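Trainee: I would like to go through this model term by term. For each label, I want the value and the rule behind it.

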Amino acid sequence: MMLSVTDLAVSRGGVPVLEGVSFALAPGRALVLRGPNGSGKTTLLRTIAGLQPPYAGTVEGAGERIAYAAHSDGLKAMLSVTENLRFWAQVFGTTDISAALRDFDLERLEDLLAGNLSAGQKRRLGLARMMVTGRPVWVLDEPTVSLDTASVALFAQAVRRHLQGGGSALMATHIDLGIPEAEVFDVTPFKASPRAALQDEAFL
Amino acid sequence: MIALLTRDLRLAVRAGGGFGLGLAFFLIVTVLVPFGVGPETGLLSRIAPGVLWIGALLACLLSLDRIFALDWEDGSLDLLATAPLPMEGIVSIKALAHWLTTGLPLVLAAPVLGVLLSLPLEGYLWVLVSLAAGTPALSVIGTFGAALTVGLKRGGLLLSLLVLPLYVPTLIFGAEVARRGAEGLAVQTPLLMLAGISAGVIALLPFASAAVLRINLR
């Protein structure tokens with residue numbers, strides 16, 4: 001099943017930031033969103049993940065198929081690496097966390113509290129969470145922030161394995177990940193014309 | 001759901017989890033009241049049920065903003081919202097975890113602290129019963145307030161102002177059960193009202209909390 005976005009407009013604080021966005025993401029493919037800061041990549045990803053309703057247009061094939069990773073990793077500082085990961089595995093109804101620990105080189109850290117990890121190690125743990133969700137569409141917002149080159153390579157490998165397994169990935173990033181399957185989608189041409197909010201949507 | 005509950009309970013008892021916060025506050029209030037009003041036993045035993053209820057309510061209020069704020073700050077609330085758990089289930093579990101870590105210890109501590117206020121002997125059972133029936137309502141209403149104010153900087157003040165009026169009926173009937181029990185009167189009517197409030201908010205408020213949480217996460 002494809003993730004398809006048709007004529008989507010997204011708004012931030014009631015003001016549209018992107019409009020007329022259309023693309024489709026087939027299984028086994030990756031799409032990299034590009035665009036300057038503030039161009040609406042995060043808003044677009046949050047809309048596709050279902051955290052906010054579209055301003056206009058439709059998103060199909062998302063919902064329960066999406067695993068979303070935001071800027072913050074959602075880690076609990078007072079839980080260990082395995083406890084954090086096992087919690088998310090249980091929430092998503094899976095049990096095996098060993099593959100995720102191995103692929104992101106976290107095995108040596110498994111008993112440390114997440115609060116004692118470095119920024120890059122936390123990020124790796126946050127990304128390892130995507131593997132334990134068991135969901136086919138990964139939606140990643142700036143996944144490589146605070147990762148070193150070796151960790152970016154680990155991440156790229158994990159994404160490629162996910163794609164080979166029939167999954168797909170939608171990423172907003174500024175750097176070249178070294179994933180040949182990835183197409184680039186520039187959001188700059190879809191910038192919404194500036195206008196005030198048409199409606200007060202607070203309680204819709 | 002069970003995973004979320006065990007995670008929240010585990011976090012509460014680890015360092016910085018705030019497990020003892022409400023309990024310590026409750027202890028401080030009930031210890032200080034006899035110093036404030038004087039050692040006259042008759043007066044103390046008359047106000048004991050009310051003081052215990054007010055102390056429990058304020059102790060509950062103190063820990064409310066932690067219900068969602070911590071998960072919101074580290075981003076796990078966004079991730080939970082995209083997880084396969086229904087939002088209504090998430091807020092119910094959050095309220096249950098709050099009750100288990102704050103309400104239940106207060107219920108169990110109240111009879112012990114009643115000694116400090118020279119609570120009449122007949123009162124112990126009814127203080128325990130009224131708090132057991134009323135504190136779930138405090139947790140569920142508080143979860144609704146926390147969902148309304150999640151993401152607001154320094155939302156604690158607004159949270160208290162929003163939640164306090166909603167706590168008043170619970171306080172009135174809860175303290176009335178405890179007072180009548182202590183004086184040896186019939187407690188059936190206020191106890192039924194109290195239990196009714198608890199059952200009503202447990203059944204209805206999670207839907208409202210889930211709706212405002214969805215709006216706040218946008």
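This is a predicted model: local features need pLDDT of at least 70, side-chain atom pairs count only at pLDDT 80 or more; totals for chains, interfaces and linings use all residues.

Trainee: Why is A:Glu142 called partly exposed?

Mentor: Count the other C-beta atoms within 10 Å: A:Glu142 has 18. Buried needs 20 or more, and exposed means 12 or fewer. The count of 18 falls in between, so A:Glu142 is partly exposed.

Trainee: And what makes A:Ser146 partly exposed?

Mentor: A:Ser146 has 13 C-beta neighbours inside 10 Å.

Trainee: Where do A:Glu142 and A:Ser146 sit?

Mentor: A:Glu142 is in the loop between strand 6 (137-141) and helix 5 (149-164) of chain A. A:Ser146 is in the loop between strand 6 and helix 5 of chain A. Phi of A:Glu142 is positive, near 50°. Phi of A:Ser146 is positive too, about 65°, and the residue is not a glycine.

Trainee: Which glycine follows helix 2 of chain A, and what is its phi?

Mentor: A:Gly93 follows helix 2 of chain A, with a positive phi near 75°.

Trainee: Which residues of helix 2 of chain A are buried, and what covers them?

Mentor: A:Val81, A:Asn84, A:Leu85, A:Phe87, A:Trp88, A:Ala89 and A:Val91 are buried. The cover includes helix 3 (98-103) and helix 4 (119-133) of chain A, together with helix 1 (2-13) of chain B.

Trainee: How many residues does each chain bring to the contact?

Mentor: Chain A brings 21 residues and chain B brings 21. On the chain A side, strand 5 (66-69) and helix 2 (81-91) each supply at least two. Helix 2 of chain A gives the most, with 3 residues. By class, the chain A side has 12 nonpolar, 6 polar and 3 charged residues.

Trainee: What makes strand 2 and strand 4 of chain A edge strands?

Mentor: The sheet in chain A is open, antiparallel and ordered 2-1-4. Strand 2 (15-25) and strand 4 (56-60) of chain A each have a single partner strand, so one side of each is left without a neighbour in the sheet. The twist averages 30° from one strand to the next.

Trainee: How do you know that strand 1 and strand 4 of chain A pair?

Mentor: Pairing needs at least two bridges. Strand 1 (residues 3-12) and strand 4 of chain A have 4, in the antiparallel sense. Two is the cut-off, so 4 bridges qualify as pairing. A:Ala9, for one, has A:Ala56 as its bridge partner in strand 4 of chain A.

Trainee: What lies across strand 1, strand 2 and strand 4 of chain A?

Mentor: Helix 1 (residues 41-48) of chain A does, running at about 125° to strand 1 of chain A.

Trainee: Which residues have the most contacts inside the largest nonpolar core?

Mentor: A:Leu85, A:Val139, B:Leu52 and B:Ala56, in a core of 122 residues. B:Leu52 touches residues including B:Thr30, B:Ala110 and B:Leu113.

Note on methods. Residues are numbered from 1 along each chain as its sequence is written. Chains are lettered from A and ligands numbered from 1 in the order in which they are written. Two residues are in contact if their C-beta atoms, placed from the backbone, lie within 7 Å. Ala, Val, Leu, Ile, Met, Phe, Trp, Tyr, Cys and Pro count as nonpolar, Asp, Glu, Lys and Arg as charged, and the others, Gly among them, as polar. Axes are lines fitted to C-alpha atoms, for helices over the stretch in contact, and angles run from 0 to 180 degrees between N-to-C directions. A nonpolar core is a set of buried Ala, Val, Leu, Ile, Met, Phe, Trp, Tyr and Cys residues joined through C-beta atoms within 7 Å. Lists of a residue's contacts leave out its neighbours within four places in sequence.
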